[in-house]
Structure formats: structure tokens, C-alpha cells
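Hi,

Here is the structure I promised to pass on. Have a look at it first, and my notes on what turned up follow below.

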Amino acid sequence: MGTTKHPGPGKLPKKPDPKLWVSAVPFGLGKIKPKHIRDTMKTMWRNRDNLPYAARILTQGVCDGCALGVAGLRDRTLEGPHICTTRLYVLRLNTMPAMRPKRLHADIDELRKMSSAELRELGRIPYPLIRRPGERGFSRLSWDEAMDAIAAKFRTLPPEQTAFYLTARGITNESYYAAAKVARLIGTNHIDNASRICHAPSKTALKRSLGIGASSCSYTDWIGTDVLVFWGSVAANNQPVSTKYMYAAKRRGTKIVVVNPYREPAMDGYWIPSVAESALFGTKLADDFYQVNIGGDIALMHGVMKTWFEMEAESPGSAIDHAFVREHANGFERLREKVEEQNWEALESSSGLSRDRIGELAMLLAAAKSAVFVWSMGLTQHRHATDNISQVANLALLRGFIGREHCGVMPIRGHSGVQSAGEMGVEPFSLPGGDFDEANASRLERLWGFDIPRWQGDIVGASLENATLPEGHSRKLKLYYLSGGNFLETMPDPAFVRRSLEALDVRVHQDIVLNTSTLLDAREAVIVLPAMTRYEMPGGGTSTSTERMVYFSPEIEGPRIGEAKAEWAIYADLAARVKPEAKASIGLLDAQAIREEIALAAPEYDGIQRLREKGDFFQRGGAWLCEGGVCPTPDGKGNLIPVDVPKRRGGNERQDEPSFYVTTRRGKQFNSMIYGENDAFNGGKRNAVLLNGADAADCSVAQGDAIVLRNEHGTLHGVARFADIAPGNLAVHFPEGNVLFPMGAYESPSGIPEYNASAKLELAERYWQRIDKKFKGKKSAEEA
């Protein structure tokens, strides 16, 4: 790919800039904001039994939180220490002691009364466990007993009835690679990972538009770019360390624009703990908010391009970089035809923004010499998500914002391991080193020494659905091997997920702590295997950040948990027991041997074998993918892809029962791991339903009223909280809002579940009156 190397960490200006202050009152006293000092003190208290080990993890290990790639307390973007409360919270997962036997083997119903947050506080899983139907608690197993039982079940089933899933919870490249290899050796292509519900469309769209599957630029490109746009991404909340990069960008004159239905307070202003000036007075981050409708991003981007073509008609070259497009892009005329056929009235209706407002964004980008587009789940968790991302790529290609300094497209990741999961082959459409095609499969067969099954594997959602297929169906899933994750709290339709997980014969949970899904029944057995964290694994491990930095995280001296094992070692052991005749082909002898093999299996990762010590790293693909506009496509060009404006479902068809578009957002949490009931930025609790004040007035809803959202999929009980959100749109917390979203509604190219829906809103009092009337009517009919 690119030949330009990353420039290394830059410096922050030393002189303060009061124009960027949120408030002259020190530490934002009196404002709703994260309490960084208080939370740091809480972290010290929670880790008081293991403070020296906690300090070593923070200063020596690569962050197991978000995917910004902080190694120790430093990264490759800016000099100086970096820390955030998310990392401090996750820290306790690595330092906590083992669960006490009394709690671990308690009656299952007692454990089921606890939330996942409460279960985490019980401590780490110390040794293998099993629970069979009718048993009131978990029983202890030896490793040999547990692995023999799992292997025996694998041998009795056709591969199509078995599946693997890996979360992004601190999982290393070595473990991902081992899982991908072992699944294929066992014979199944049903393997998937956590990016399926986050960024699968990003990879799909970027592949078809630019020939790449990751961020085309680096975080350093934020700093000094003319315009930095966050599309459906609340990086200040979900990747807090990124606020330091935003601060540096602001100090260099970068304009920050946010496209999001809700004017997220975290992106408006933030108190950055690792910047003294900002820690005291806060930093105004966003220069402008475009409060688009949920699902209205494609219409907005069509409007931007339509404005550009109108500008071009008056003054050629005023909006489109024609030289770049001619040399580096296909499909210009087809895209122009698609854009010009759009109707302004329809674009305004779909986007929720006026033509003039859209024009402001269009002119800002047209005048910019550089721009970086960043996005997250606000663009990806839609049934038209791949088209969303291709629209972003269209904008970048038309302006030539690809393959050079301060330019690029970046799907910002929420976990420090998830970028590499697909690159290591942990998905049904990929193998290590590339796509799941004949050429790549044949190449790996020569390297691995065994045949790779060619049948198409299923995504995680389809696997869950397959568990409910009738007995005798050839693809009825009977054995699910889960490395972390909690589908009950991440997938849509929790009730269906529960039925699905309990319909399995055997469910294996390879994890570090219990969660609510671990406690569900299975038809034959639930087996729990204790895993090591990345800091405990012999030989260390590597992870790949959002900007394609591959970091080495060393094994860190400290206490160890009972019989916990490295995840890659558990997979290797499983393969040897399922197919002892293929033992010579398994490999995976130690962490260094795996890295040596990764370098051969995935040539873009050549260099990983040389990562051995704290601080070792390399950037896969160089500073910029598509450097100089040359894309890794068959003809070296990017593809401008015409997309349709999605039809909006639902609407206000009945004025007596208004319908709204609903999406989810994150509060004080790390993915589905909730660590605070109160939102640090708006003060709302987990049951808050964010709605526009004018909408509330139309519905006769007052601040703090108990309200109900309902649709054909489920019912959510919440509390009204007025917010600066686009009219007709509502935001609820994830995962609480998942009851409103259907299982089986997937975005077709990439298979991501949809986390947006229309729902009716009514006062809880009216809802219960109606339910009571129905109940009384039913009772009367029965009595008659």
C-alpha cells in the first residue's frame, strides 16, 4: 500500500487559548460533565488490593479499551500521557481476584437475580465449570474433563451444526488467528466476531469503493486538516482519548463538524484530563452540528453533492476535484445522474435539514483543501449501512480527500482488538490474508496442511436463528463456542436471543467473568472455560488499532487466576482433541510461533513476527492507504457508487398516536458493559428517552413523565427527558432499547443487524389504562 511512514507523535502548544474554553470556572464546577478526578480516585479504591499490578498494566500494557492504541500511557499521535475513565473502569477486570466458591456454586436462581455489572463484581472465573439440565448450580471440572466433553460433542455433529463467536474484549491477534484456523480445521465456516454488530458495513463499503477494509489515514491527519467531520460518531463519549486529538486539531485551526440527530454534549465541550488547560476550563470541540434525521444521512450527502454539481454548473472546478476524479475514480457520470435526479423536497424531508443548511455543509467542504471523515454506529447500524459508507467515500473521492496528508476516511473502532478480527479470518467471508475465495483458500491450505471447507458460513445473527430450526434440519445449530460476548445485551430482540441460546445442545462460554447469558440453560450442558486477559498470556500478544497500528503488549508480572489459560492455547488444545489425527497441522505452539505464522498467512501483517518487547509496533499499510489516490482495486481506481435514498418507515400517520424514529446511544458504559446509571453528559438515567421539547408538547408529555415506546417488536418503559434532538427522533440507551428492534432484519451486503426502528409513544398512565381495559375485557369474555 502506502510508502509514507507515520511521522510519530506531535507536540501540543504550550500557550493556552481562552477562545476554546467552555467555562472560566475551573473544572467545570456546577456543570454536568464527567468527574475525572473522582472517577480516578474510585479506580484506585477499586484496585486497592492490587495497585502495583494495576500500575504495571497502565504503564506497560496496550489499552484493552477503545481502539485508539494507547501503549502504556503513550501513543503515536501526541506526546505526553493519555488516560481516560473508560480504561480505568475496564482495569478492574484485570486485577480482580477469583470468584469465591460460595458465590460461584450458588443456586443458579440467586445468580440470575444479578445484572451483568453485579456478576462482574463477583470476580474472575477460576476454573472450568459445567451445568446440566436440572442442576441448581455450576459444578467444577478439570480441564481434561471439560475439553474432552466439548471435543466429543464436536465429533458427533456435522460441522454445519457448530459455530464459533469471538468478542473484542481484549482479545489479541494471536487468539483471533488461532480461532480462525482451528474452526476451519474442525470443519466449520460458522465463525464470526463482534464487529458484525458494529463495523461490518464499513469493511464491505470500503472494499467496494476503495479496495480497502480499514481506515485510510492516521489520527495525526486529524491535526491540521481543514475540516474534521464526525458522522454518527460520539468519539468523545465512546473513545475519550480522542478528545486530546480533537484539542490538538482545534489548536491548529481545524473546524470540527458533527452529523448526528442528538446534539451530544460530549462533542460540544469536553474537559480533557490529560491536557491541563482543558482539564481546568474545558474545550469547545464542535464548530457546528447538523442534526440529521435517523436514517437521513444518505439524503444529506446527496444534497451536498447536488449542491456541488449546481456550483460546478456556475463555476467549473469550484466543488469537484476533476483532475483527481479523472485519474483515480470510476463511475463519475453514473453518480452525477443519480444525484441530479434527486428532488430537493424529498432530500429535505428525509434528512430533516433545509436546502440552505445542507448547502452550508457543501460549501464548507468545497472550500476545504483537506478533510477527514470519521464515522461509527450512527452510520453502520442501519439496514442501508453499506450505502451510507459508500456515500462518505463518494464525497471523499469527488474532493480528492484520499491518500494524502490530513485527508482520509476512518471507521473509528470501539475495541482495541476488533479491527483485526476479520483480518485474522474470524468471519464467514474472510480468511487470514484476504477474502474467502478460491485463491486465498488454496494458498492457506498449502500453508496449513489441511483442507478448508468451501461452503458458506453464517453470520452471528443467522447462527442464532439456526439454533431454533426444527430437529433434523441440516443447519440446526447445536453447539455454540463463545469467546466472550453477551448476546442477551448486544443483539436485537433479547427474548428471541434467550430462546435461541437455550435451544442449543451445548454452549461453551470461554470468558474471564460471568454475565447474564452464561446463566441461561442449554439442552445438554453449559460449559464455562476460564480465559486469561491479554496481560497474563505467556509470550505477550498484539492488537491492531483503528489506524492500523499493530502494537505488542507484553506479559505483565502479577497475580494469576486459578486455572485460567491463554485463549489461543485453549483453541489449540480443542483442535488436538477433536482431530488428533491432524495434530501435526495445528501448530500454535506459543505466542511467538503464532506471530511467525500470521506473517505468512496474512502478508500485510509481515512485521508482526518482530514484535517482542514493550513498545514494539508497526503500522500496517503505511501512513495512508490509497496513497496518491492509487487504490488496491483491479484497475487502481476508486469507485463512485450511486445509491438510492432509503424510504423512511413509519411516520406520523395517526395524530392521536404519534410515531417516532428511535435509535440507541451509549451512556456511561463500554459497549454493553454498563458502569454507571447516570449519563455523565446529560444527567439522564439509563431509562431516559431523549426527545425534542416541541414533540413532547405535541404529545402532552412533561419533563420526567413515565412514558412507553412500543412497536410490533417490543415495549420499552422509560422517562421523558427533553434534549436538543432533531424533531421526530428519539434516542434511548443501548442495550435497554434493543427490545424495540427485530431479530432477522439485516443490512444485506454486510449482515449487520438494524438498531433503528419506528415506535409509538404514549404516557405510561394511558398505556396501563389501555392494558387494564384489555385485561378486563378478556376476563369478562372468559367469564361469559
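Let's start with strand β26: four bridges connect it to strand β29 (residues 756–763), and the two run antiparallel. Strands here are DSSP E runs of at least two residues, helices are H or I runs of at least four, and both are numbered from the N terminus. Two strands count as paired if DSSP finds at least two bridges between them. I707 has L763 in β29 as its bridge partner.

Before going on, a word on the model: it is predicted, so local features need pLDDT of at least 70 and side-chain atom pairs count only at pLDDT 80 or more, while totals for chains, interfaces and linings use all residues. Residues are numbered from 1 along each chain as its sequence is written, and side-chain values use heavy atoms, with hydrogens and water left out.

Back to β26 (residues 706–710). Strand β27 (residues 715–722) is also antiparallel to β26, joined to it by five bridges, and A706 sits opposite V719 of β27. β26 and β27 make a hairpin, with four residues between them. How many of the five residues of β26 are buried? Four are, so the strand is mostly covered, where buried means under 20% relative accessible area, exposed over 50% and partly exposed in between, with a 1.4 Å probe and protein chains only.

Next, a sheet. Three strands form an open sheet in the order β18-β19-β20, paired antiparallel. Its edge strands, β18 (541–544) and β20 (617–619), each pair on one side only. From one strand to the next the twist averages 20°. Between β19 (residues 549–553) and β20 there are three antiparallel bridges, and M549 has Q619 in β20 as its bridge partner. Helix α8 (residues 173–186) lies across β18 and β19, at about 90° to β18. Axes are lines fitted to C-alpha atoms, for helices over the stretch in contact, and angles run from 0 to 180 degrees between N-to-C directions.

Then there is a helix pair. The axes of α14 (residues 297–314) and α17 (residues 344–351) come within 8 Å and cross at roughly 145°.

Finally, the aromatics. Rings of Phe, Tyr and Trp (its six-membered ring) pair if their centres lie within 6.5 Å; planes under 30 degrees apart are stacked, over 60 edge-to-face, and the rest tilted. That gives 22 aromatic pairs. One of them is Y270 with F681, a tilted pair at 5.8 Å centre to centre and 35° between the planes. Y270 is in strand β7 (residues 269–270) and F681 in the loop between β24 (673–674) and β25 (688–691), 411 residues apart, so the pair links distant parts of the chain. Both Y270 and F681 are buried.

Why is the pair F309 and F332 edge-to-face? Because the planes of F309 and F332 stand at 65°, with ring centres 5.9 Å apart. F309 belongs to α14 and F332 to helix α16 (residues 332–340), 23 residues apart. F309 and F332 are buried as well. Ring pairs also join F154, F164, Y481 and Y571 into a cluster.

Cheers

Technical notes. Contact = heavy atoms within 4.5 Å.
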